[in-house]
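Please look at the sequence and the model before reading on.

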Amino acid sequence: MPSPPYPPRGDSASGHRDFQRLWTGSVVSQFGSAIGMVALPVIAVAVLDVAAWQVSLLAGIAALTTVLVAFPIGRRIEYTRKRPVMIGSDLLRAATLASLPAAHALGALTYTHLCAVAAVNAVCAIAFTGASQAHLKSLVSPARLIDANSRLESTRWLSISVGPSLAGALIAALSAVGALVANTVGFLIGALAVRSIREPEPVPPTAPPPGEGPSKRSELFAGLGFVWGHPALRPILISWILFAGASSMAAPLTAVSLRGRRPKNFAVGR
């Protein structure tokens, strides 16, 4: 007899096989982004020997890309199927990350290449996160939605706090270029996990015809306006912006500060 789609106990998402597959993909996505955030500046410093301002610019490109595409991507995801977005995001990240070790092996790795990969991966991270959150409400029952969402959010915060340490361990063991190879494999596993979800995905809503419904501008900023106008959510948003901003600024500076004390062949392997 096939197992029931939902676990028999309470409002827990534990035991929901399709959610476990989505969760696996989210774990890979979040930790993969954290590893890449550390590995790319290290490659810029230890392999390409770029200036400090170029390392900061590398981080700034990813941050600026996030600001520019977050709202438009979120609106588009609302009216499209979510699983192809998640799978495509993982596959594109795997391909772009794999291009870095390949270029390094051929002696063709450049700073421009690193910047392009950082921008593409920022877009893919936003797309995957937005699609996974939107897909969650159609994948689990309403009673289990809070528990499932808390697991995804816990994973996000764990990746922020533990991800850089994991990246450092991988870089120390495999080199920065080798860590990207492992990261590439991880994204492929994440794409397979999402692809293995069995529950049919519901048909997404149809976008309103031009001139009908709310304007694109109001749709883009509706969520931000709601959060900013909420007395409890507004402080949380400000706290997150300050925390994420400080973390993002510290990452490239750490890589630069350690450049004079890195072990020999730190980025290219033993």
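## Overall fold

Among contacts in the chain between residues at least 6 apart in sequence, 83% join residues at least 24 apart, where contact means heavy atoms within 4.5 Å. The model is predicted: local features need pLDDT of at least 70 and side-chain atom pairs count only at pLDDT 80 or more, whereas totals for chains, interfaces and linings use all residues. Residues are numbered from 1 along each chain as its sequence is written, and side-chain values use heavy atoms, with hydrogens and water left out.

The chain has eight helices and zero strands; helices (H or I, at least four residues) and strands (E, at least two) are DSSP runs, numbered from the N terminus. Of the 270 residues in the chain, 39% are buried. Here buried means under 20% relative accessible area, exposed over 50% and partly exposed in between, with a 1.4 Å probe and protein chains only.

## Two helix pairs

Two packed helices are described by the angle between their axes and the distance between the axes. Axes are lines fitted to C-alpha atoms, for helices over the stretch in contact, and angles run from 0 to 180 degrees between N-to-C directions.

| Helices | Angle | Axes |
|---|---|---|
| α3 (residues 82-105) and α4 (residues 111-139) | about 160 degrees | 8 Å apart |
| α5 (residues 142-174) and α6 (residues 176-195) | roughly 115 degrees | within 7 Å |

Helices α3 and α4 are therefore roughly antiparallel to each other, a term for angles over 145 degrees. By class, the contact of α3 with α4 has 16 nonpolar, seven polar and four charged residues. Ala, Val, Leu, Ile, Met, Phe, Trp, Tyr, Cys and Pro count as nonpolar, Asp, Glu, Lys and Arg as charged, and the others, Gly among them, as polar.

In the second pair, Leu170, Ile171 and Leu174 of α5 meet Ala176, Gly178, Ala179 and Ala182 of α6. This contact of α5 with α6 has six nonpolar residues, one polar residue and no charged residues.

## Arg93 and the cysteines

Arg93 lies in helix α3. Is Arg93 buried or exposed? At 1% relative accessibility, Arg93 counts as buried. Leaving aside neighbours within four places in sequence, Arg93 is in contact with Ser29, Ser33, Asn121, Cys124, Ala125, Phe128 and Phe187.

Cys124 is itself buried, at 4% relative accessibility. Cys115 is buried as well, with a relative accessible area of 11%. The structure holds zero disulfides, a disulfide being a pair of cysteine sulfur atoms within 2.5 Å.

Definitions and conventions. Angles under 35 degrees count as roughly parallel, over 145 as roughly antiparallel, 65 to 115 as roughly perpendicular and the rest as oblique.
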